[in-house]
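Please view the sequence and the model below before reading on.

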Amino acid sequence: MTTKPVLAAVDEDAAPLTHEQLRELYSLMASVRHLDSAAVAWQRQGIIPGYAPQLGQEAAQVGSGYAVDRTRDFVFPTYREMGVARAMGLDMVGYMSTHKATWHGGMYNPLESRFAPIQAVVAGSVLHAVGWAHGQTLSGKPDGERGVAMTYFGDGASSQGDVHEAMNFAAVMKAPVVFFIQNNGWAISVPTERQVAGGSVAARAAGYGIPSLQVDGNDVVAVHEATRSAFAHCRAGNGPVVIEAMTYRRGPHSTADDPGRYRTLEEERLSAGEDPLERFKQRLLSEGVADTAFFARAQQQAQDEEEAVRTGIEALGPRPGAEMFSLVFQEPTPTLQSQATAWRKESEHV
């Protein structure tokens, strides 16, 4: 399924992934799979109020997130990029704090992690990514040194007007941004073929003069290589790239969704294809990169991590109420300052 991108710089000289890196990719995917299934259970148990599962999309997320240079690049996620966050080394308790409704966008430092706050507005992250990327162009940094933005969105979100504006602006300004589409087959309850004209989001890139590629989103190595090439293209000053990773959402759109209303379990089984985690496991076994002992350790580590994250989430308490006065204005208005003062005085007497 991988299509060779027509890119001005494709990072042909980059070394192939080592056996250690391949094993790390599997461990990350196992961790993501375990955390994802656990988060659904946490919602059912009342530990978190809501969650957007990503079952089946582990390869697309881990493979792309693993290609990010955290010293200079910046990722702009939606509400479903837990796998990207894990691949980039974020504190998962801080990430999950948004799903606990404890904080806005995640209790982690975006500047340090290079992972922007979680974006719940459909396609909202694409405009932020292009703005940041254009800032890299205006910074005057030479080719090869400027950072690259990567923005995530789904096939459903690709029909939003913001995506058109973002792609057009990025193409005109040659902004170093990778538009990473996870085509998981469904825009909530509507299949891709009913809302994407032409059947491919990547094909739209030609209209903006942007090079694009469609990759097997269930092949973690293929996704990583495609993303790495796209970053090289952008970093060389050649403008944006569109990547469409073809995968499948194996579960509901969110914990508030019932996929049984718009597809049957048999349809899901037939359309989902091979499990990306099992597929990669069999590859590592056949190539002698890992053995059964390694997979047992990876599973145990994933279980241990899940338990640690759950403990951390349950320990999150409510945030101080006075914080609401500092969330909107860089310089609070006099009225806001007086309200904050009154709040603090009242809180001291409670």
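## A charge over a ring

The model described here is predicted. In it, K281 lies over the face of F295, at 5.3 Å from the ring centre. F295 also belongs to an aromatic cluster, together with Y26, F280 and F294.

## Aromatic pairs

A pair of aromatic rings is described by the distance of the centres and the angle of the planes. The structure holds 11 aromatic pairs. One of them joins F74 and W132, whose ring centres are 5.5 Å apart; the planes meet at 50°, so the pair is tilted. This pair links distant parts of the chain, with F74 in strand β1 (residues 74–76) and W132 in helix α6 (residues 124–138), 58 residues apart. F74 is buried, at a relative accessible area of 7%, whereas W132 is partly exposed, at 21%.

Y95 and F115 form an edge-to-face pair, with 6.3 Å from centre to centre and 65° between the planes. Y95 lies in helix α4 (residues 92–96) and F115 in the loop between α5 (110–113) and α6, so the pair ties together parts that are 20 residues apart in sequence. Both Y95 and F115 are buried.

G65 is part of helix α2 (residues 58–65). Its relative accessibility is 3%, and G65 therefore counts as buried, the cut-off being under 20%. Leaving aside residues up to four places away in sequence, G65 touches V84, A87, M88 and Y152.

G239 is 174 residues from G65 along the chain, and the C-alpha atoms of these two residues are separated by 20 Å.

Technical notes
Residues numbered from 1 in each chain as written. Predicted model: local features only at pLDDT ≥ 70, side-chain atom pairs only at ≥ 80, totals over all residues. Heavy atoms only, no water. Helix = DSSP H or I, 4+ residues; strand = E, 2+ residues; numbered from the N terminus. Buried < 20%, exposed > 50% of the residue type's maximum accessible area, 1.4 Å probe, protein only. Contact = heavy atoms within 4.5 Å. Phe/Tyr/Trp six-rings, centres within 6.5 Å; stacked < 30°, edge-to-face > 60°. Lys NZ or Arg CZ within 6 Å of the ring centre and 35° of its normal.
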